[in-house]
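Visitor: I am new to this one. Please show me how to read it, feature by feature.

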Amino acid sequence: MAEANPVYGPFFGVMGASAAMIFSALGAAYGTAKSGTGIAAMSVMRPELIMKSIIPVVMAGIIAIYGLVVAVLIAGSLAPPDAGYTPFKGFLHLGAGLAVGLSGLAAGFAIGIVGDAGVRGTAQQPRLFVGMILILIFAEVLGLYGLIVAIYLYTKQGAA
């Protein structure tokens with residue numbers, strides 16, 4: 001049985017859970033920080049727009065939730081090799097973690113850049129707000145695509 005399920009199989013699952021959380025949290029942190037600096041600069045001129053400008057920060061935080069969901073799913077199905085955790089499952093979990101983590105990193109970067117420029121621009125021209133929201137939605141959906149692929153990969157483990 002040890003030959004069928006080598007000892008290194010769960011390592012890839014643990015790395016998948018770690019990648020899901022680390023990369024998505026990095027993206028969320030960058031999006032929050034970048035948007036936050038735009039909010040701080042904008043609030044000097046137009047303090048009444050602060051609450052309306054929090055939207056990019058909230059959307060960046062959702063990216064981390066995607067990674068958390070996948071990391072918890074993967075961590076919940078980790079098992080020792082002798083309990084049936086195959087390298088195939090480990091590779092699927094690694095792929096799922098990387099899918100949601102790296103797409104979350106990219107989405108966080110996009111949300112941060114758009115959020116920063118968007119809130120600053122909205123302070124000068126309020127009609128930019130709807131456009132900023134639409135662009136933020138398109139940036140957020142990049143992370144959602146990664147979540148969908150990650151969940152799809154995660155559910156494939158029953159096929160092993």
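Visitor: What share of residues 15-74 is helix, and what share is strand?

Guide: Helices (H or I, at least four residues) and strands (E, at least two) are DSSP runs, numbered from the N terminus. In this predicted model, residues are numbered from 1 along each chain as its sequence is written, local features need pLDDT of at least 70, and side-chain atom pairs count only at pLDDT 80 or more. Totals for chains, interfaces and linings use all residues, while side-chain values use heavy atoms, with hydrogens and water left out. Now the case: residues 15-74 are 85% helix and 0% strand. The end C-alpha atoms of that stretch lie 10 Å apart.

Visitor: Which feature does UniProt place there?

Guide: UniProt positions are given in the numbering used here, feature names are shortened, and annotations may be inferred rather than shown by experiment. The unreviewed entry gives "domain: V-ATPase proteolipid subunit C-like" at residues 15-74 and 94-153. Residues 94-153 are 95% helix and 0% strand, with end C-alpha atoms 9 Å apart.

Visitor: Where does the record put the "transmembrane region" annotation?

Guide: The unreviewed UniProt entry has it at residues 12-33, 54-79, 91-116 and 128-154. Take two of these. Residues 12-33 are 100% helix and 0% strand, and 31 Å separates the end C-alpha atoms. Residues 54-79 are 85% helix and 0% strand, and there the end C-alpha atoms are 41 Å apart.

Visitor: How many helices and strands does the protein have?

Guide: Four helices and zero strands. Along the sequence the pattern reads α-α-α-α.

Visitor: Is Gly 112 buried or exposed?

Guide: Buried means under 20% relative accessible area, exposed over 50%, partly exposed in between (1.4 Å probe, protein chains only). Gly 112 counts as buried because its relative accessibility is 0%. Gly 112 lies in helix H3. Across the protein, 42% of the 160 residues count as buried.

Visitor: Which residues is Gly 112 in contact with, leaving aside neighbours within four places in sequence?

Guide: Contact means heavy atoms within 4.5 Å. Gly 112 touches Tyr 30, Gly 31, Lys 34 and Ser 35 on that count. Thr 32 is 80 residues from Gly 112 in sequence, yet their C-alpha atoms are 6.4 Å apart. For the protein, take contacts with a separation of 6 or more: 85% of them join residues 24 or more positions apart.

Visitor: Why does Ala 83 count as exposed?

Guide: Because its relative accessible area is 55%. Ala 83 sits in the loop between helix H2 (55-76) and helix H3 (87-124). From Ala 83 to Gly 31, 52 residues apart along the chain, the C-alpha distance is 40 Å.

Visitor: What class does Leu 134 fall in, and why?

Guide: Leu 134 counts as partly exposed because its relative accessibility is 47%. Leu 134 belongs to helix H4 (residues 128-155). Leu 134 and Ala 96 are 38 residues apart in sequence, and 27 Å lies between their C-alpha atoms.
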